[in-house]
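Please have a look at the model first.

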Amino acid sequence: MSTSSSPAFEPVSTQTDFIRQEHEILDFWKRSRAFEKLRQLRKGGPHWSFIDGPITANNPMGVHHAWGRSYKDLWHRFWAMRGYEARYQNGFDCQGLWVEVEVEKAKGFTSKREIEAYGLANFVLDCKARVLTYAARQTEQSIRLGYWMDWNDPDLLRELAERLKEDPQQTITIDGPMGPVTDSVEQIVGRLGLPELGGSYFTFSNENNYTIWTFLKKVWERGWLYKGTDVMPWCPRCATGISQHEIVTDGYRELTHEAVIVRFPLRGRDREALLVWTTTPWTLTSNVAAAVGADLDYVKVKAADGWTYYLAEATAPRVLKGKYEVVERLKGEAMVGWSYDGPFDELPRIHEMGVPEAHRVLPWEEVGEEEGTGIVHIAPGCGAEDFQLGKEHGLPAPAPLDDEGHYIDGFGWLTGRYVHDVAHDIFHNLEEKGILYRVDPYTHRYPVCWRCGTPLVFRLVDEWFISMGPTYDKPREELTEAEKEASLRYQIMDVVDEIKWIPEFGYDREMDWLRNMHDWMISKKRYWGLALPIWVCENPSCGHHEVIGDEHELRERAVEGWETFEGHTPHRPYVDAVKLRCPKCGGLMSRIPDVGNPWLDAGIVTYSTLQYRTNRAYWEQWFPADWISESFPGQFRNWFYSLITMSTVMERRPPTKIVQGYSTLWAEDGRPMHKSWGNAIWFDDAAEKMGVDTMRWLYLNQPLDQNLLFGYTRADETRRRFLIPLWNAYAFFVNYARIDGWLPPEPLRRHPSRREEGFPRLDAPWTAEAAPTELDRWIVARLKETIEAMTAGLESYVPVRVAQPAESFLDDLSNWYIRRSRRRFWSAKGEENAADKEAAYQTLYTVLTTFVKLLAPTIPFITEAIYQNLVRAVVPDAPESVHHCLWPEAAPLTEAERDLLEAMAAVRLAARLGHSVRAGHNLKVRQPLAKALIATDPRHRRELEQLLGLLADELNVKAVEFVEEEGDLVTYRLLPLNRVLGPKFGRRFPLVRKALAGLDAAEAVARLQAGEPLTLTLADGSEAVLSPEEVLVQSQPREGYGVAGEGGIVVALDTQLTPDLRQEGLAREVIRRVQALRKEADYELTDRIVVRLRVEGDLAEAVARFRDLIAAETLAEAVEEVAEPQGDRRLEEQIAGTPVVIAVERR
RNA sequence: GGGCCUGUAGCUCAGUCGGUUAGAGCACCGUGCUGAUAACGCGGGGGUCCGUGGUUCGAGUCCACGCAGGCCCA
């Protein structure tokens, strides 16, 4: 964002405020319409299709959403840089109980009755308005994250929300991508996301709802839609059934209830009773039977309280109070058929249903003795398994609760009471009747409502289901076509086979779910959601039902109420007005009042958002998605499931080619984030305190299958490890380039944004003016390697494979290339090393401009800031944004480059060893030494010889020499090659190892090097012959010689200090202190100075002798010895025991 | 209750086909380097590789059983 007219780099501070910079970049993108321009640039490119898993527009977005959204943005940007065109449509999930619950809270409603009194039309408007409000909020947050998507203007969404509540029927005109659109507010809202309005898709849109109707009609036509009566988990607060999909998602909580043991007196016997256990006392009102395990062992005991009890033998010690005596042992089988008096036989409803007559003992294989008494209370109207068992035995099924959890009429004193409030009164009542045995607290995982947390009850209800079809008891590959045709379950599995799952275990999870899942319950007795298009004949003797496939069919079939519905979106209450004629009996048909399961809304989007109903050619262009990405937990049975199931029904095709999943976000303390635990971090806070580039890098550097521990400590670490070094490498370059007035020559000025403009390749990035060194060639080879690795990582959708090569490259760049190259940038202009300096500039410029492109998809802000200065400020015709550039490409590494990479690794190892020796001898690097000695094999020697100057420099030695006779530096160790000799000698192997260790190593090595075998005499007297290939010779540093070794390289240093070396070392001590003073004085890098010193003894000699060196190194025009040194800065201390005073002054 | 995964340094995690002295980052201590760095280098302390048993010349790695935690399903 240069403002100067003549091209030049802007100065760069190393103290940049990254967060402020992010806001400036956001402004820049907005001002320059960067995203719109990118879309223009990529128009006509090959398609990369992404379908967004819709985010629930119900609350501000969290840092866990930011995780997924960073990935979505990253891969969009990556493919755009590869030249692909994408659709960029964000999605909002809009309908369902989660929105209703929030609106209820806001309105202070606590029951469905209050909603109905308020009016469905108003309630639905409130739900729509809430969705629009939070969609606006989430859009703003996503923009802050740097996410580039096609969304609506947040202000427009907020305005629609207000207008909607004002008067949904008022007509407005808004601008769309194809021109102005005029319609009622309600219809504009219903058309959001369609081509004429653009922006995010909303699952409450007309198109989304009607496409689901189309889906449901197909289901119905194939005979898979049915109404079932069953005992279902039910939330008494929300007054709705909870489907299996929902109950397993966050659906259990550790709760402590009071478990009760009750006497069921046996009829016709005196004070003999079954002991029956339950954790849900409210269900005792509806007890019908008692179940025993036919093969379990039971006992009849005489207890101290005068009763005789029956219970499972294994349970007796923990169940029975006080002393007891076992009178008889019997199998459960023996008790089957006994009848007993139920605990609430006096209730009128129980009487009416013939329950007392039905009471008896049944056999049931599910009965166990781990809990309770081994005799299970059966209430067919209150439990799913109980209902099944009751059906098998033809038992009545009293259902005691209404939809809000109150006892219905006919339950005596309980009628009208709330299910979760009656436990104690029931205990009291049982006590009075003399049948309460004991009550104990019992902690178990109990299902709760996933929205409001209310413990669920089980109710006998009518719901609508999609049949998943039979599960056949044979392997899938043996299924016939006919069997598959009859079972949606297996059709879905076939589709799942065609999808690539990342990580791979996703496939198994999805399959596991499909094998086990029950029919999909799609109805909900609520208000805000998909209006299920099921119309039922009102004539009770007919009951025929039909599914309507779209709005046109509805209009054709409507015989009543169309005028009430017309002009409205297909939501309650208006759509409920439409009546049809029953084709069977001629009666009137009404829509069932239920709304749909919200996963229907999200599952249809690969059809509804791609114009499946209206423009099949367009749909074919973008279907299936290339990639979708969501957090794993829950999605196997929710979005992934519904998406795949619905696509299977629609077209029997996979909705996406790749599913990428990632784990759960936790707080840094390893626990889930929880408002009440104080460990939650809000997105807005994270963005403004960490910066979103930091967040995005943190997300990238995270294995998909592990939970992400998110917090400020980790963010600081991430910033320090990656963003700051990146920024400083860039700042280093710019600040020296400014000093030298360096600008990139022509071949380096190419940053194409379209393929036809050509690619600069990295094989020879230097002009004729540059004389690249091995170091330059090395970092370019590393860059090529990094391009290859990051590209492969991105193509495979594995984030750590993108982050890891980038981090390792930056480390090499910062801590080796730049550190070793610094001096090359200092030299003055026009000297004989101009070509070397030019090479350094060209290399670093190429590396930095290429590297920021590789990083741009992940950390879009800092890379944009760097690009604007490195490229746009000096190459005005370059693409306007780094995000408009094409992805770097490089030819494969050449043989020479591979060799160079190996060689540099050897040098760095040798340098490490040299530093280690210095540290061991307390020899500062500042102190020059005469030579380093290296003992190594011929291959490493060849490698090191290419780069000796570099190594000498790094170790501050005058020479590096190789020693032929290693024995001085090294001792040998002989080790057996386990892999070979282990199997060869088997049991004798330890003896071989021992014998080998006992040899004279030097002598044995000499023989081996001559190619002769070794003959060993083992401890058991036998002999073993080892060929040279079977022995590993390990050289290790000889103790006490100042050597260090590793990986086949041994380094020693000549630690003798000659007077010359010592004086040079002292001179360097002086230089170091002058540099420190320069820094303290805050001089510019180019400022010339005068150095004034007072020194004595050795030091004086050293200064006199190395005066020129000191002057050159510190940019001093003069190095003067004075009695009282004065200047801008001054220090007094000792060097090697000699006092010294140094002052510097700027010229 | 069943299935899958995990258990390695204070913390977060690598550890290939079973093989030689079990590693990294963070944190801590010492020390060096520093005319880009909030960095970086070198060194140090810190290990019952969850436990028990087994297979094997050899087990962090394979097997069995158990313990603890996570996920999925009942």
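Predicted model: local features only at pLDDT ≥ 70, side-chain atom pairs only at ≥ 80, totals over all residues.

E3 and E4 form a hairpin with 2 residues between them. Strands here are DSSP E runs of at least two residues and helices are H or I runs of at least four, numbered from the N terminus. E3 covers residues 171–176 and E4 residues 179–184, and they pair in the antiparallel sense over 6 bridges; pairing requires that DSSP finds at least two bridges between two strands.

Residues are numbered from 1 along each chain as its sequence is written, chains are lettered from A and ligands numbered from 1 in the order in which they are written, and side-chain values use heavy atoms, without hydrogens and water.

Now to the cysteines. The structure holds 0 disulfides, a disulfide being a pair of cysteine sulfur atoms within 2.5 Å. Cys542 is in no disulfide, and its nearest cysteine sulfur, that of Cys585, is 3.7 Å away. The sulfur of Cys582 is 3.7 Å from the closest cysteine sulfur, in Cys542, which is too far for a bond.

Burial is judged by relative accessible area with a 1.4 Å probe on protein chains only: buried is under 20%, exposed over 50%, partly exposed in between.

| Residue | Relative accessible area | Class |
|---|---|---|
| Cys542 | 27% | partly exposed |
| Cys582 | 2% | buried |
| Gly199 | 5% | buried |

Gly199 sits in the loop between helix H8 (185–190) and strand E5 (201–202). Gly199 and Asn90 are 109 residues apart in sequence and 7.3 Å apart in space, C-alpha to C-alpha.
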